[in-house]
Amino acid sequence: MDHYDEDQDYRHPEDDWDRDLLLDPAWEKQQRKTFTAWCNSHLRKAGTQIENIEEDFRDGLKLMLLLEVISGERLAKPERGKMRVHKISNVNKALNFIASKGVKLVSIGAEEIVDGNAKMTLGMIWTIILRFAIQDISVEETSAKEGLLLWCQRKTAPYKNVNIQNFHISWKDGLGFCALIHRHRPELIDYAKLRKDDPMTNLNTAFDVAEKYLDIPKMLDAEDIVGTARPDEKAIMTYVSSFYHAFSGAQKAETAANRICKVLAVNQENEQLMEDYEKLASDLLEWIRRTIPWLENRMPENTMQAMQQKLEDFRDYRRLHKPPKVQEKCQLEINFNTLQTKLRLSNRPAFMPSEGKMVSDINNAWGGLEGAEKGYEEWLLNEIRRLERLDHLAEKFRQKAAIHEAWTEGTAPSTPGRGGWQTTFSDLATPSLSPGKEEMLQRRDYETATLSEIKALLKKHEAFESDLAAHQDRVEQIAAIAQELNELDYYDSPSVNARCQRICDQWDALGALSQKRSEALQRTEKLLETIDQLYLEFAKRAAPFNNWMEGAMEDLQDSFIVHTIEEIQGLSTAHEQFKATLPEADKERQAILGIHNEIAKIVQTYHVNMAGSNPYTTINPQEVNAKWDKVRQLVPLRDQSLIEEHARQQNNERLRRQFANQANVIGPWIQTKMEEIGRISIEMHGTLEDQLTHLRQYEKSIINYKPKIDQLEGDHQLIQAALIFDNKHTNYTMEHIRVGWEQLLTTIARTINEIENQILTRDAKGISQEQLNEFRASFNHFDRDHSGTLGAEEFKACLISLGFDIGNDAQGENEFSRIMSVVDPNRMGVVTFQGFIDFMSRETADTDTADQVMASFKILAGDKNYILADELRRELPPDQAEYCIARMAPYSGPDGVPGALDYMSFSTALYGESDL
C-alpha cells in the first residue's frame, strides 16, 4: 500500500534507535553486512552497487536511485554538484520521498547522512526496509513484523525441531532457514540429513542454496550468527523478508499460471468447437448447393422409360442420399446450441458463425432444397402424365388418320400390332390426293351415259356427299388431336403436322371436286330422269350403316386411360349399352341386304342391263357382312380389355386403401407425439436427470416406430409404380408423413439437447433443483401460447415478477435492452428457457473476467506492462504458452523491450471486448 494512516505511523525510528546509545559492535557488523547486501540486491537492477553503506550514500545519488528501484516511482531530479549543499539537497529529496510514504523520520537528518554517521545511515536503511520490504506483509489479519513472524511459524510448523518465536535466537541453529527453503523447494535441500547441533553447516547450506537457486544475496555469514549470543533482530528480519518475497512471488506466479491455463483451455476447446461447426456447416451447405441444381433441372425426356428412370433416381435420392444429411443438419443445430451454452458458462461472447453459415441460413437453404425437391417431384409426375397423354393421343391420331386415309384411298385400314398401328407418320407416301375418290370425282362418265345412268350418277353423288359429310367429324378430330399434340410439345410433332396437313389438303380437294361434280350432274339432270329407287335406297341406308360399323370398330379398338373404378365402370356400362343395340343393328343389316336382294331380283326379272355395281355407292353386301363380322369379333376382345382394366383398378383401389389405412394412423400418431414432447418440455416432473431419462426412453420408442414409416414408404412406392395420383381415402400424402417424421426426430433431439444444456448450466452455476423448478414455473406462467419461448414483453413481465427493477423510463428501457442483448444474442426476438436460466444464474455466479486474467498475466510478468516469450514458456504448459505467443500482439508502450508482448489486449480479446 502507498498510503498510511497518520495516526498509525507504523514504526518510529526512535523505537529502535537511540541517539544516546551506541550499537552493539556485533549487531552493527551484522546490520552493515545485511543492509549492504539488501541494498545491492535492488541496486543491481539499475546496474550499480555500494561497497560502504555510510560512505556510498553520502552524496544522496545512490540513495535516490535505490528508492526509485524499490518503489517503481521517479524522484525529483538529483543535484550533480560535489558541494555539501548539493549532497544535502539530494539526501533531503530522498528523506522527503520516504516521508511522503507515511513514514515519520525522527532524529534522522540529511546532515548526519552526508557526514557519514553510521548509526543514522543504518537507521535510515532500516526505515526503508521496514516500509518497502516488511510493512506490506500481511498474514491472517496481522502485518509487518507480526505478519512475517506468523508466516514463518506457519511454514515451519510441520518441522518438529524448528520453533520460531522471534527474529534472533530462534534462527541460530540454521534449521529455520533450511525449513523455509525445504517447505517451498524440497528438491534443493535434503532436510533429513541436517542436525540441530551443526548450525554452521545448516546456515551455510541455507545461505548458499538461497543465493544460487532463489536469487537471494548472501546477507550474513554463518559465523556472524553462531558467534553472537543474540543475533541482530533487524538483520534477521531483513534476511527472512527476502525469503518471504521470493516464495510469495513464486506462489502468486503459480496461481496466475493456473488461472491462465484454465482460461486458455476453455478458449482452445471453444475454438475447436467453432471450427467443427464451420466445417460441418460448409459441407452441408455445399451439398445443398450441388443438389438444388439437379432438382431444378426440368429438361424433359421424350419417352416414358426415360422419365421413369428419372423418377427412380429421385426415389434413390430420397431413400439413400437425403436421410444422412437430415441427421447432419440435426447434429449441427445440437452442436451450435451446446457451443453457445459453453460460451455463456465461461463468460465468453456468443459465437457468431461466418457470413452465410448461421443456423437460420442453413434452415433457409434447407427450405430451398425441400422446395426444389417438392417442385421436382411434381414436375416428374406431371411429365409422366403428359407423356402418357401424348402416347395415347399419338396412337389415337395414327388410328384415325389410317382409317381416314384408307377411306380416301378406298382400301382397308391398317390393323394394330404390338407396337400400335403398323402405319407410322413417316411410312406414308405423299401423293397429292387419294386416287380412289379423286378418280371417281373426276370421271366424265355422265357425258355418254343414258338417262338412267345419269340419274344413277346423281344419286350416287348424293350418297357420296352424305358419306363425305359423315367423315367431316373424323377430319376435325384428326386436326384437333394434332393441335393438342403440338400444345403438349410432342417430340414427333413435325411428322404429325405433315401428315395432318396432307389429310386436310386432301379433304379440301375432295370437297372442291365433289362440289364441281355435283354442279355438272345437276346441269344434266333434266336429260336423265330415270333412276333406280332401290339402288338409291340401298345406298342411303348402307352408307350410314357402314359409317356406324366403322365408328363401332373404331370405338371397339380405341385405347382408353382410366384412374378410378368409377371410370372403368362407366366404360363398361357404355359398352353394355352398345351391345344392347346390336340386335337392332342386325335388323338394319338384314334390311339393307334385303334391298340388295330386291335389286338383284329386279335385274333378273326385267333383264336390266347393269354394267357394273350400284351406281350410288361403293358399298356392297360383302363389305357390309365383312365389317359386321369384324364388329362381332371385336366385341369379346373389348370385353376382355375392360375386364382386365377393371381388375387393375380394383388392385389400385386396394393399394389406395392399404396406404390410407396406415397413413390415417401414422399421421395422427406423429401429431400426438409432437404435442406430448411439447408438454414434456414445459412441465416440471422430477429432476432434470429424470426428465432426460424420460425423453431418451421416449426417443427410443419413437425410433422403434421407424419400421412402420418404412412400410408406408413401400406402399407409397407401389402406388407410384401403379401411376396412382390421387387417394380419396386419406388427406395424408407421403410428403406430409416424411416432413412430420423428420420434424418429430428433430424436435425430440432438440428437446433432449435443451435438457442436457440445462444440466450443464445447473452443474456449472451451482443451481439447485428447486431454483430450476422456480425458474421453469415463472417461465411457463408467462409463456401464454406454450411455444417454449417468451416474447420481449412477456420476458420483461417475468423479470419484474422476479424482483428486477425495470421501469418504463429511458433508463429502464436501456437496462432491458442490455438484458435482451445477453439472452437473445442472435436478435431472434424471443427468449428460450435455456437463455432465461443462463441469465438468472449469471446474476449470482462468480466467473472469470478480463481484469482477473490481466492481473494474472501482470504477476507472471513481474509487474511489467508487457510480458516476454521466455516468461510465458517458463510459467505455462508448452501448448498454452505457444498459444499465447502466437496470438499476443507486440507491445508498443514506451517502456517496451525487443520481443515484448501485449498481454492486456490479449486478455480483453479472450472475453470479446476486442478483436483477438
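This is a predicted model: local features need pLDDT of at least 70, side-chain atom pairs count only at pLDDT 80 or more; totals for chains, interfaces and linings use all residues.

Trainee: Which residue just after α24 takes a positive phi?

Mentor: That is Leu-723, with a phi of about 60 degrees.

Trainee: Where is Asp-215, and what is its phi?

Mentor: Asp-215 sits in the loop between α10 (199-213) and α11 (222-226). Its phi is positive, near 60 degrees, in a residue other than glycine. Asp-215 is exposed, with a relative accessible area of 54%. Look also at Asp-863, in the loop between α30 (850-860) and α31 (869-875). Asp-863 is not a glycine either, yet has a positive phi of about 70 degrees, and with a relative accessible area of 60% it is exposed.

Trainee: Back to α17, then. What is the span of this helix from its first C-alpha to its last?

Mentor: Helix α17 (residues 472-487) has 16 residues and reaches 23 Å, close to the 22 Å expected at 1.5 Å a residue. Its buried residues are Arg-474, Val-475, Ile-478, Ile-481, Ala-482 and Leu-485. These residues lie on the same side of α17, because they cover an arc of only 125 degrees around the axis.

Trainee: What is the general idea behind such a spacing?

Mentor: An α-helix has 3.6 residues a turn, so residues three or four places apart point the same way.

Trainee: Which residues of α24 are buried?

Mentor: In α24 (residues 706-721), the buried set is Ile-709, Leu-712, Glu-713, Asp-715, His-716, Ile-719 and Gln-720. They cover an arc of only 165 degrees around the axis, which puts them on the same side of α24. The face turned away from that buried side carries the exposed residues Pro-707 and Ala-721.

Trainee: How should I approach the nonpolar cores?

Mentor: In soluble globular proteins, nonpolar side chains tend to be buried together. Here the largest nonpolar core has 76 residues, of which Ile-128, Phe-177 and Ile-181 touch the most other members. Helix α7 (residues 118-134) gives this core its largest share, 11 residues. Apart from it lies another core, of 47 residues, including Leu-655, Phe-659, Leu-744 and Ile-748.

Trainee: With neighbours within four places in sequence left aside, which residues are in contact with Ile-181?

Mentor: They are Pro-186, Leu-188, Ile-189, Ala-206, Val-209, Ala-210, Leu-214, Phe-243 and Phe-247. Phe-243 and Phe-247 also belong to a cluster linked by ring pairs, together with Phe-167, Trp-171, Phe-177, Phe-207 and Tyr-239.

Trainee: How many aromatic pairs does a search of the whole structure find?

Mentor: It finds 26 aromatic pairs. One of them is formed by Phe-545 and Trp-548, which are stacked at 5.6 Å centre to centre with 25 degrees between the planes. The two are separated by about one helical turn, because they are 3 residues apart in helix α19 (residues 533-557).

Trainee: Is Phe-545 buried or exposed?

Mentor: Phe-545 counts as buried, at 5% relative accessibility. Trp-548 is partly exposed, with a relative accessible area of 30%.

Trainee: And what is the idea behind salt bridges?

Mentor: Side chains of opposite charge can pair when their charged atoms come close. The count in this structure comes to 57 salt bridges. In one of them, Glu-395 meets Arg-398 at 3.0 Å, N to O; both residues are buried. They are 3 residues apart in helix α14 (residues 359-409), so about one helical turn separates them.

Trainee: Which residue forms a salt bridge with Glu-645?

Mentor: Its partner is Arg-648, at 2.9 Å, N to O. Both lie in helix α22 (residues 621-682), 3 residues apart. Glu-645 counts as buried at 12% relative accessibility, whereas Arg-648, at 38%, counts as partly exposed.

Trainee: Which residues are linked in a network of salt bridges?

Mentor: Arg-318, Lys-322, Glu-370, Glu-373, Glu-377, Glu-713, Glu-735, Arg-738 and Glu-742 are linked in this way.

Technical notes. Residues are numbered from 1 along each chain as its sequence is written. Side-chain values use heavy atoms; hydrogens and water are left out. Helices (H or I, at least four residues) and strands (E, at least two) are DSSP runs, numbered from the N terminus. The expected span of a helix is 1.5 Å times one less than its number of residues. Buried means under 20% relative accessible area, exposed over 50%, partly exposed in between (1.4 Å probe, protein chains only). The arc is that of the directions from the helix axis to the C-beta atoms. A nonpolar core is a set of buried Ala, Val, Leu, Ile, Met, Phe, Trp, Tyr and Cys residues joined through side-chain atoms within 4.5 Å. Contact means heavy atoms within 4.5 Å. Rings of Phe, Tyr and Trp (its six-membered ring) pair if their centres lie within 6.5 Å; planes under 30 degrees apart count as stacked, over 60 as edge-to-face and the rest as tilted. A salt bridge is a side-chain nitrogen of Lys or Arg within 4 Å of a carboxyl oxygen of Asp or Glu.
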